[in-house]
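Please open the model in your viewer and keep the selection panel at hand. The tour below goes from one selection to the next.

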Amino acid sequence: MKVRLLGTGSIYSKYNCASELIDDKILVDVGNGVLKELRKINYDLTKLKMIMITHLHADHYADLPALLINLEVEKNLKPIYIVGPKGLKENLIGLCNIYYHDYFDRFFKEKIKFMEILPETKSIEIFNDYDIMVQKVDHYNIECYGYIINNKVGITGDTCLCKEVFNIFENSEIVITDISMIKGTKYHMGIDDIQTIRKTYKNKIIATHLRDDTREELKKKYLEDVIIKEDGEEMII
Ligand SMILES: [Zn+2]
Ligand SMILES: [Zn+2]
């Protein structure tokens, strides 16, 4: 599986907002900077099959209307799935109307298929070659979902340290992990939480959603198997 880290930062960071491109087909989260990163790497947008949104904080889907504008002008575009929490479709249509009023009506009908994730959703069964498990994580006051793809790549989404994070580690080989803070909060995990997880789980961790001060602190600690990537870097897993 190929994972490209389109963004590894948070809204406070000079890096793009956290986002991953899996096998050039599945895009996870589309916050600020993600569309420009896709353009920088000359990504062919017609390859995109599914967009998964972890939750409805703007740093995870603010670039989605701009991405849709770019998709809409592509010829030979096949229908794309957009998967995410309840309310995503309505919010997205509202955001798109801010860009260009009514411009997207026909595009949404013909090219976009929405799938809503609910707290009881266990898996996303759209493509035969991808087994995607869903874990509702604890991001304090908003529904947020982590994903496990083919029991290989885990993505925590924004979360504090909760039992679902341990489930994601249990069922993945490598985990793209929210390490926003130096010290964890009720919204986000911190470097201290990663040290707690590592007492039980030795999976490789890719740090994401980093604040810039957290990135510097994490680099100084040289934690074994905690990988800090630059935006745009690719990994084969
Ligand atoms: Zn959030
Ligand atoms: Zn966030």
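Begin by selecting helix α5, residues 163-170, which lies across β8, β9, β10 (153-155) and β11 (174-178) and runs at about 150° to β8. Helices (H or I, at least four residues) and strands (E, at least two) are DSSP runs, numbered from the N terminus, and axes are lines fitted to C-alpha atoms, for helices over the stretch in contact, with angles from 0 to 180 degrees between N-to-C directions. Contact here means that two C-beta atoms, placed from the backbone, lie within 7 Å.

This is a predicted model, in which local features need pLDDT of at least 70 and side-chain atom pairs count only at pLDDT 80 or more, while totals for chains, interfaces and linings use all residues. Residues are numbered from 1 along each chain as its sequence is written, and chains are lettered from A and ligands numbered from 1 in the order in which they are written.

Next, select β8 (residues 132-139) and β9 (residues 142-149), which run antiparallel and are joined by eight bridges. Within this pair, Val137 has Cys144 of β9 as its bridge partner, and His139 stands opposite Ile142 in β9. Between the two strands the hairpin has two residues, and Tyr140 takes a positive phi near 65°.

Six of the eight residues of β8 are buried, that is, each has 20 or more other C-beta atoms within 10 Å of its own, with C-beta atoms placed from the backbone.

The bridge partner of Ser123 in β8 is Met133.

Finally, show the whole open sheet, whose seven strands follow the order β7-β8-β9-β10-β11-β12-β13 with mixed pairing. Because β7 (123-124) and β13 (226-227) stand at the edges with a single partner strand each, one side of each is left without a neighbour in the sheet.

How values were computed:
Two strands pair if DSSP finds at least two bridges between them. A residue is buried if 20 or more other C-beta atoms lie within 10 Å of its own, exposed if 12 or fewer, and partly exposed in between; C-beta atoms are placed from the backbone.
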